[in-house]
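I hope they are handy as you look through the coordinates.

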Amino acid sequence: MTGPHPRPGPHGAVDPPGTSRRAVEDSLARLLGQGVCVSSTLVALGLIASLLTSGGASLAPAHLSAGPVPHPGGLAGAISRALAGPDHGLIVVGILVLILTPIARVVAAAVLFGREGDRLYTGLTLAVLAVLVAGILGSR
Amino acid sequence: MAPPPDLAAGVLTAASGLPAGGLLLALLVASSVTGCIGSLVGLGGGVLIIPLLTLGFGVHIHYAMGTSLVSIIATSTGAATSTLTERITNVRIGILLEVATTLGALLGVALAGLLAPATLHLVFGLVLMASLVPLAGRLGEELPPPGPPDPLATRLGLEGQYHDRLLGRAVPYQAHRVGLALPLMLSAGTISGMLGIGAGAFKVLAMDLVMRLPLKVSTATSNFMIGVTAAASAWIYLARGYVHPLLTAPVVLGTLAGAALGARLLGRLANRTVRTIVLPVILLVSLQMVRRGLNP
């Protein structure tokens, strides 16, 4: 290991080969699995509720082929309109959980690399997070 | 930008004339197939889901792009759980390349609003077609031959090892030409933002041809990355009203199920088998999209 940032790994002498790398991978896998579970449950429940109440009226071909109508208010407006829309609240929350899951994975990776003392990858992960946040703020 | 109102109405097919229940079932089944294929080859399924929705179901391109971005996140997240546990995904390589792809995605979304849907179709089709050439060139290869070590890759710790179920042994590997891969990833991110696709084809090809990683590591790591790239763009599409909840719901559920299946298959299939299945599918889709771009 000749790098400036010592970290345990397959070529390191700190831990048995790959131990900490495996711990990071397992933690991230667990987090992503939980995101999938919560999101798919909410979307499925919301879909059933939607069909029971409105019979899927907004899936009419004319509506789907017309496309979205521009609205003011940006992201917050779009989310609050979708939540207030006919019976779509649960679906929207499920979709939001799904979109947030990879972002939560980036935060978790930064924490895990930080705990490992791997400054290079903590920094790279935080850089990814900064661009994500910039993107979300830019969509307002 | 106001899209022509008759854009998708002209190509309404039998599928879109189904009652809501039948339409939902068709969307569930179709998206589970695209999710499975997407997770196998690291393309996210955006290359398949956009033409499926626009050409097959008569959905407006903007709704198709919003749904596609959410389904890319579903493919990435649904597949990552099992490819991480099976050690096929390389987290370090993924995070390093994500810095470039997320920056590119932001740039791409800013450019997408400037282009008409027909132009997007044409660009999308040509991009796909171009990606077929190197894909076809690697059809017979199971593992890349060993190359000279890259000092930058060594410094960044971009090596790994996974257990290949098919070969029945551990496959050690190291990344090459990292300095060339990073600008390629920036371009891949820009394309993904512009077209509402994962642009996984570019990411997989860059990892396969430039970084010379084993194909399974490339597709799994591409899958791991594209969720984050798509998440960066999804908020902007959400704000524009491109994500139709009732259309996106069955696509999310189908994609998650298909991606989980595809990720399990990935560890068990030969690389050439995967490429052989996917190549004609992408060719067909690229031809459809180019035709649509030329005759809006």
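This is a predicted model: local features need pLDDT of at least 70, side-chain atom pairs count only at pLDDT 80 or more; totals for chains, interfaces and linings use all residues.

1. Buried or exposed? At a relative accessibility of 3%, Arg92(B) counts as buried, because the cut-off for that label is under 20% relative accessible area. Arg92(B) sits in helix α4 of chain B, while Asp118(A) is in the loop between α4 and α5 (119-138) of chain A, so this pair joins two chains. Their side chains form a salt bridge, with an N to O distance of 2.7 Å. Asp118(A) is buried, as is Arg92(B).

2. Arg92(B) also has a salt bridge with Glu116(A), at 3.8 Å from N to O. Here too the pair joins two chains, because Glu116(A) belongs to helix α4 (residues 89-116) of chain A and Arg92(B) to helix α4 of chain B. With a relative accessible area of 18%, Glu116(A) is buried.

3. Another charged pair to look at is Arg87(B) with Glu25(A), a salt bridge whose closest N and O atoms are 2.9 Å apart. Arg87(B) is in the loop between α3 and α4 of chain B and Glu25(A) is in helix α1 of chain A, so this pair joins two chains as well. Both Arg87(B) and Glu25(A) are buried.

4. On the side of chain B that touches chain A, at least two residues each come from α1, α3 (61-85), α4 (91-112), β1 (159-164), α9 (215-239) and α10 (245-266).

5. Now the interface as a whole. Chain B and chain A bury about 5500 Å² between them, and 75% of that is on carbon and sulfur atoms. Which three residues supply more than any other three of the area that chain B buries against chain A? They are Arg92(B), Trp235(B) and Leu246(B), with 16% of that area. The contact takes 63 residues from chain A and 65 residues from chain B.

6. Ser40(A) is worth a look in your viewer. Ser40(A) is placed in helix α1 (residues 19-54) of chain A, and its side chain reaches the backbone oxygen of Val36(A) at 2.7 Å. Apart from neighbours within four places in sequence, Ser40(A) is in contact with Leu253(B) and Leu256(B).

7. Chain A has 5 helices and 0 strands, and its elements run α-α-α-α-α from the N terminus on. Of its 140 residues, 46% count as buried. Among contacts in chain A between residues at least 6 apart in sequence, 62% join residues at least 24 apart. Chain A exposes about 6600 Å², with carbon and sulfur atoms supplying 70% of this.

8. A last point concerns the surface of chain B. Leu25(B), Val29(B) and Val33(B) make a nonpolar surface patch of about 270 Å². Val29(B) is in helix α1 (residues 20-41) of chain B and is partly exposed, with a relative accessible area of 48%.

Conventions. Residues are numbered from 1 along each chain as its sequence is written. Chains are lettered from A and ligands numbered from 1 in the order in which they are written. Side-chain values use heavy atoms; hydrogens and water are left out. Helices (H or I, at least four residues) and strands (E, at least two) are DSSP runs, numbered from the N terminus. A polar contact is a pair of N or O atoms within 3.5 Å; within protein, one must be able to donate a hydrogen and the other to accept it, and residues adjacent in sequence count only if both atoms are side-chain atoms. Contact means heavy atoms within 4.5 Å. Patches are made of residues with over 30% relative accessible area and no salt bridge: like charges are joined within 9 Å, nonpolar side chains (Val, Leu, Ile, Met, Phe, Trp, Tyr) within 5 Å. Accessible areas come from the Shrake-Rupley method with a 1.4 Å probe; for residues, only the protein chains shown count as cover. A salt bridge is a side-chain nitrogen of Lys or Arg within 4 Å of a carboxyl oxygen of Asp or Glu. Buried means under 20% relative accessible area, exposed over 50%, partly exposed in between (1.4 Å probe, protein chains only). Buried area is the accessible area (1.4 Å probe) that two parts lose on being put together, summed over both.
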